[in-house]
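I opened my notebook to look up a few places in this protein.

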Amino acid sequence: MTASLRFLGGAQTVTGSKYLFTLNEKKILIDCGLFQGLKELRLKNWDRFPIDPSTIDAILLTHAHIDHSGYIPRLVKEGFRGQIFCTPATANLCHVMLLDTAHLQEEEAEWLNKRKLSKHTPALPLYSTEDVQKTLPLFTPQKIHQTFDVIPGVQVTFLGAGHILGAVQVILEFQGKKLAFSGDLGRPIDNLFPAPETLPDVDYLILESTYGDRQHEVSKPKDDLCKIVLDTIEKKGVVIIPAFTVGRTQTLMHFLSLLRKEGRLPSIPFYINSPMATSATHIFCKYPEMHKLSLQDCNRWSQDFEYVKSVDESKVLNEKKGPMVIIAGSGMMTGGRILHHLKAFAPDPKNTIILTGFQALGTRGRTLMDGAREIKVHGQMLPVNAKVQMLENLSAHADSAEILNWLSLAPRNFKKVFLTHGEPSSIESLKQKIFEKFHISCEAPHQDQEFSLDEA
């Protein structure tokens, strides 16, 4: 019996995670994400899939973020009919996030067709809402720590990864060997989630390296957020926070709610302008066993925040005056309602834009983080006179020191370690650190590279 692992995404980049495990003729895909960020990466989403999707027997999903789950409906559109195994929380979140992603793609295609801005006639979405509806019944939720069969001869166990609601490490057992996927590892000390669980004794490890070349700032993000909001209130300005709808938005809500409760922020309006974030927040409160917050904490959110539902309500926000805080998707400003708020508020120096997490190359967030004073929005250059600030130490990813500490707790009897989900500099840096600390040589796979897992 032969086993192999092929890297179809997440190789030398932080996006598009897809790993194909093959055992004889059986195929399992671990994660199935969209490529995001740079145009050359986004165009890969339109490439013909390297294998016939109908030959894939199952998908194992580490978590719901779109760079790990967002390609699944396209795979279904092209013939995949297997089961999708993940935690119940991940299944709930994917229901919301995949529908939202399809809707955004349909809206963009319609906008391009209306203005005749596409090279294609007509412009089409990568997948439709209908494709997502066909995908949702394939989700087969499994509990953490409960071993289950995926195909004959392959068993899987999920372990907690921290990071976001429902996120897991995947431990795949076959032929007496164990293959582990870290997924996206959370922080050992996090405001919302428990630390990633310790890795068991495994033969092969696929390890993320998003922050493999750096350590997070030592800071108090809640206090930093308070100061930024108070400074903007003093100018009667508007605080715009592009935020990832799952995890980051709930962390920000927790901070703002606590700051109001502590009397450190006045009772100005707090808006959540993202239907997906609103749904994700409700899902968050359904799974108290998977995070640190109390029922009282969750209930306070409904009192402290106004959830913006319709497009018309969103437009009205752009006519309002500060002080107020608006949290909207997307976190890297690649789309969503945040773009309309940028057009309304970015040109005014009274206002503040707060970046709250990793900003991939090629995104508007990265452009602003690198100091640009104008960005392209809806085909036009937009001046950015608002103050741009980065809220440090809010990442949901372990940094290099935290990854090394997580590894130090594991048995480390690896036949091979593969570093993925990082930019080349991050991968190379983490590779060196792991060798120096543990004398373990790591592989840094390239796109479409395949490795045999048949070592004794």
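Predicted model: local features only at pLDDT ≥ 70, side-chain atom pairs only at ≥ 80, totals over all residues.

**Entry 1**

I began with S294. I found S294 in the loop between α8 (275-286) and α9 (295-304). Is S294 buried, partly exposed or exposed? I read a relative accessible area of 28% for S294, so I noted this residue as partly exposed, between the 20% and 50% cut-offs.

I then took a distance from S294 to G379. They are 85 residues apart in sequence. In space, their C-alpha atoms are 44 Å apart.

Next I looked at H291. H291 also lies in the loop between α8 and α9. Its relative accessibility is 8%. The cut-off for buried is under 20%, so I wrote H291 down as buried.

What does the side chain of H291 reach? I traced it to the backbone oxygen of Y287, at 3.4 Å. I also listed the contacts of H291, leaving aside neighbours within four places in sequence. They are L165, L192, F193, F284 and C298.

**Entry 2: H254 in α7**

I moved to helix α7, residues 248-261, where H254 has its place. H254 has a relative accessible area of 9%, so it falls under the 20% cut-off and is buried. Which residues does H254 touch, not counting those up to four places away in sequence? I found L192, L293, D297 and W301. L192 is on my list for H291 and on my list for H254.

**Entry 3: helix α13**

I looked at how α13 (residues 400-408) sits in the model. Its buried residues are S400, E402, I403, L404, W406 and L407. What covers them? My list includes β9 (168-174), β11 and α14 (424-438).

I checked the start of the helix too. D399 caps the N-terminal end of α13. A side-chain oxygen of D399 lies 3.2 Å from the backbone nitrogen of A401.

**Entry 4: the cavity**

How many cavities of 30 Å³ or more are there? I counted 1. The largest cavity has a volume of about 70 Å³. It is lined by 14 residues, and the closest to its centre are Y19, S182, G183, I206 and T420.

I sorted the lining by class. It has 4 nonpolar, 7 polar and 3 charged residues. Which strand gives the most to the lining? I noted β11, residues 204-208, with 3 residues. Strand β11 was already in my notes, among the elements that cover the buried residues of α13.

Key. Residues numbered from 1 in each chain as written. Heavy atoms only, no water. Helix = DSSP H or I, 4+ residues; strand = E, 2+ residues; numbered from the N terminus. Buried < 20%, exposed > 50% of the residue type's maximum accessible area, 1.4 Å probe, protein only. Polar contact = N/O pair within 3.5 Å; in protein donor to acceptor, adjacent residues only side chain to side chain. Contact = heavy atoms within 4.5 Å. 1 Å grid on protein atoms, 1.4 Å probe; cavity = no way out; pocket = protein on both sides within 12 Å on 5 of 7 lines; lining within 4 Å. Points joined across faces, edges and corners; volume = space filled by probe spheres on them. Nonpolar A, V, L, I, M, F, W, Y, C, P; charged D, E, K, R; others polar.
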